[in-house]
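Please read these notes with the model open beside you. Each point can be checked by finding the named parts in the viewer.

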Amino acid sequence: MKMAYKYIIMFGFLCWVNNIYTQNLQHNPQSNHGNKFEQLGIMLSDPNTYRTASGAPGHQYWQQRADYDISARLDEPNRILEGDEIITYYNYSPDLLHYLWIQLDENQHHPSAESNFFDGSRIGTPVLTETLDRFKSDTWLEGYGVNILLVADAKGNPLPYTIHQTMMRIDLPTPLKAGGKISIRIKWKYKIPERMRIGGRGGYEMMPDGNALFTITQWFPRMAVYSDFQGWNNKQFTGRGEFALPFGNYRVRMTVPADHVVASTGTCVNLKKVLPSAAWSRWQQAQNTHEPIEIVTLEEARQKEQNPVHNQYKTWEFTAENVRDFAWGSSRKFIWDAMAIDNHGKKVMCMSFYPKESYHLYRKYSTKVVAHTIRVYSKYTIPYQYPVAISVEASNGMEYPMIAFNYGRTEPDGSYSERMKYGMISVIIHEVGHNFFPMIINSDERQWSWMDEGLNTFVQFLAEQEFDNNYPSSRGPAHKIVDYMRLPKEQLEPIMTNSENIIQFGHNAYGKPATALNILRETIMGRELFDFAFSQYCRRWAYKHPTPADFFRTMEDASGVDLDWFWRGWFFDIQPVDISLDSVRTFQLNHAQKVPYSTDTVLIRPQYRDKFKHITKQRNQESGMVFLVDTDTTLRDFYYYYNPENDSSFRFVEKYYDDWETLTDNEFKKFENYYLYELHLSNKGGLVMPVIIQWNYADGSSEITRISAYIWRKNEQKVVKTFLKEKKVLSIQIDPFKETADIDERNNNWPLLDVKSRFDLFKSKINYDENEKVPNPMQRHQK
């Protein structure tokens, strides 16, 4: 009784302490977690024997496995896909499992799916019939969704199951013990959606010539992930947050119309049987070539389009080992080219499948871009281990193991715009790059989109810059994200936001995390430390299930750099970067008065088409990097050589400082003719970042000073820093290479600069183009 009384008193005391602590946080947000330089602490999950404090898998780490044996039949006339599969599920967890969760992603298109109703909608103008149809989902989506025909054990005994939206729970008559395995048979069929009309990741596209292009994705009942950090991931699929899947081995047979060509995850084990002899011969030739060879030619594809076969079928059989998913495409329209590359001692067949509508872009670029992607990603992450890497033109962008669906179609005459060309190259790099994130480094897309989209977009940027140092990357350079970061707070969310709840999805899941990692690499850590730590994360978590904490901890553990302040600001907060150079006090050290500043007219030339030499471009060039367009000049076209002249729009605005200070010569005799510059800086945005200063001297030279973000650790709002210089400074610029994502460049200069808006620049460019008759960069390039 006395012991119980003591515990009651102790519990009351702890509650009182916690109450005082909470009130202190509310009244003084700078204390503890309000301090931007405090450790993340309880914001991260606790390390344990499964996941260590270093960010590596623990000595008791485990994960489940699911093997699949699937037979599928594509009914092209009726747009029906039927399947019969056996799942063998291995329970490597220490837990007893009473039921299993299966994903049925095609139920996203079921008329009663909640994802059809929980988003807001407005009446647009003009009101189209299709718009009105969407408001009546029971007819708009009639017949869609998965029909489960059988769920049984290995002996054929039916198993009870419950379907809830896109998830199916199978109740086991006998719990699955730790270390045990179970085989389950599921038969199903569904109506293939016309994805260009109703949306979705997979489906079919009806082409103008009357032939269909099928992209069969998320098509079979798939095991959900059961993990140490969340148990079953049975979060519903609503179309945005993608997948969490266990690894396993696959054997898949697809029965399709006899004139179809199939592109698929894995290796085709009966290719000689399903290909005509001429195509088989070309396939053999492609095994030893370094230029893409057409396995199925343009003319052969055209002939099949004009004479389709509907009453004969062939079965293509594929196997794939240690993959998290399986997808395929099928069409008689496919042209197919391939070439082999050696990647870290392993042969990888790089291939592209595309309709004639994409021929003049895909034939020139696609397979070579696939090969480039595999090489660059292998350099920065881990060597690619799968036998094939495929790009399929399907007028969209989506990724699966070894196969990616992309876009890139030309005009009927074969011409294309510069925007289409670079958009196509970027989407191929991005989607093929997803083989690494999350197909190999297998993060949970349903929870944290940034862990695959953001990391992948970052390495995509590196691959783009190695393709061509003047590549117009839309994401990665810090200055590309400032428009997003200056949005009103109600339109912003932390990167660490669940996939389904993000407002500005492209910026939040792709652009901002990619920018953050590029800033880490170029500005905070340096390339050597960053590249080692990043590759260490990839090696540790290849073919495993990492969480954000594993990434954050590994980056610090492998580099020796304390980055908690960076994760806190960039990933857990929404404050922008806005470092202001408020004022500068100057002294010449052998005069008794402050030196007034006078200025000359200086021109700053704005850059178009991403010719701005951001820090990555500069360092790549300085390192002697050889770019793909230089080693393979066949990849150069009209747009490679096109370079519009720059205009001269910015000028200094004179600003004098006339306050005086008295300094004696004796005090500074040893520093005769030196100058002191006292910089007054303020953190107007809130996100702490390094201070990068460019000093422009009177003799025409310049110098860069870099100060760690720790300059803000004692005062996060204002700081004063004094510098001693041997030469007279004419001007000072903060963040001269635009590498910190500063949202307001108007307060980055001394003396004050008249910084024009993007609208002013756009107007001046239009006038320049009209007066000088410079070719419009959006004109189409003829084949």
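1. Basis of the notes. This is a predicted model, in which local features need pLDDT of at least 70 and side-chain atom pairs count only at pLDDT 80 or more, while totals for chains, interfaces and linings use all residues. Residues are numbered from 1 along each chain as its sequence is written, and side-chain values use heavy atoms, with hydrogens and water left out.

2. The chain as a whole. The protein chain has 19 helices and 34 strands; helices (H or I, at least four residues) and strands (E, at least two) are DSSP runs, numbered from the N terminus. Of its 783 residues, 57% count as buried. Buried means under 20% relative accessible area, exposed means over 50%, and partly exposed lies in between (1.4 Å probe, protein chains only). Among contacts with a separation of 6 or more, 77% are between residues 24 or more positions apart; a contact means heavy atoms within 4.5 Å.

3. Helices α13 and α14. Two packed helices are described by the angle between their axes and the distance between the axes. For α13 (residues 527-541) and α14 (residues 548-559), the axes come within 8 Å and cross at roughly 130°. That makes α13 oblique to α14. Axes are lines fitted to C-alpha atoms, for helices over the stretch in contact, with angles from 0 to 180 degrees between N-to-C directions. Angles under 35 degrees count as roughly parallel, over 145 as roughly antiparallel, 65 to 115 as roughly perpendicular, and the rest as oblique.

4. What meets at that contact. The α13 side includes Phe 530, Phe 534 and Tyr 537, and the α14 side includes Phe 551, Met 555 and Ala 558. By class, the residues of the contact of α13 with α14 divide into 10 nonpolar, three polar and three charged. Here Ala, Val, Leu, Ile, Met, Phe, Trp, Tyr, Cys and Pro count as nonpolar, Asp, Glu, Lys and Arg as charged, and the others, Gly among them, as polar.

5. Helices α10 and α14. The axes of α10 and α14 come within 11 Å and cross at roughly 40°. This pair of helices, α10 and α14, is therefore oblique. Trp 450, Met 451 and Leu 455 of α10 make the contact with Pro 548, Phe 551 and Phe 552 of α14. The contact of α10 with α14 has six nonpolar residues, no polar and no charged ones.

6. Helix α16. Which residues of α16 (residues 615-622) are buried? They are Ile 615, Thr 616, Lys 617, Gln 618 and Asn 620. The buried residues of α16 pack against α10 (450-467), α12 (505-524), α13 and β30 (702-707). Just after α16, Gly 624 has a positive phi of about 80°.

7. Aromatic rings. There are 53 aromatic pairs in the structure. Rings of Phe, Tyr and Trp (its six-membered ring) pair if their centres lie within 6.5 Å; planes under 30 degrees apart count as stacked, over 60 as edge-to-face, and the rest as tilted. The rings of Trp 188 and Trp 219 have centres 6.3 Å apart and planes at 50°, so this pair is tilted. Trp 188 is in strand β7 (residues 181-191) and Trp 219 is in the loop between β9 (212-216) and β10 (222-223), 31 residues apart. Trp 188 is buried, with a relative accessible area of 1%, and Trp 219 is buried too, at 2%. One aromatic cluster includes Trp 450, Tyr 537, Phe 551 and Phe 552.

8. Ala 320 is in strand β17 (residues 313-323) and is buried, with a relative accessible area of 3%. Ala 320 and Tyr 250 are 70 residues apart in sequence and 5.1 Å apart in space, C-alpha to C-alpha. Beyond its neighbours within four places in sequence, Ala 320 is in contact with several residues, including Tyr 250 and Met 402. Met 402 has a positive phi near 70° and is not a glycine; Met 402 is buried, with a relative accessible area of 1%.

9. Cis peptide bonds. Another joins Trp 750 and Pro 751, with omega about -5°.
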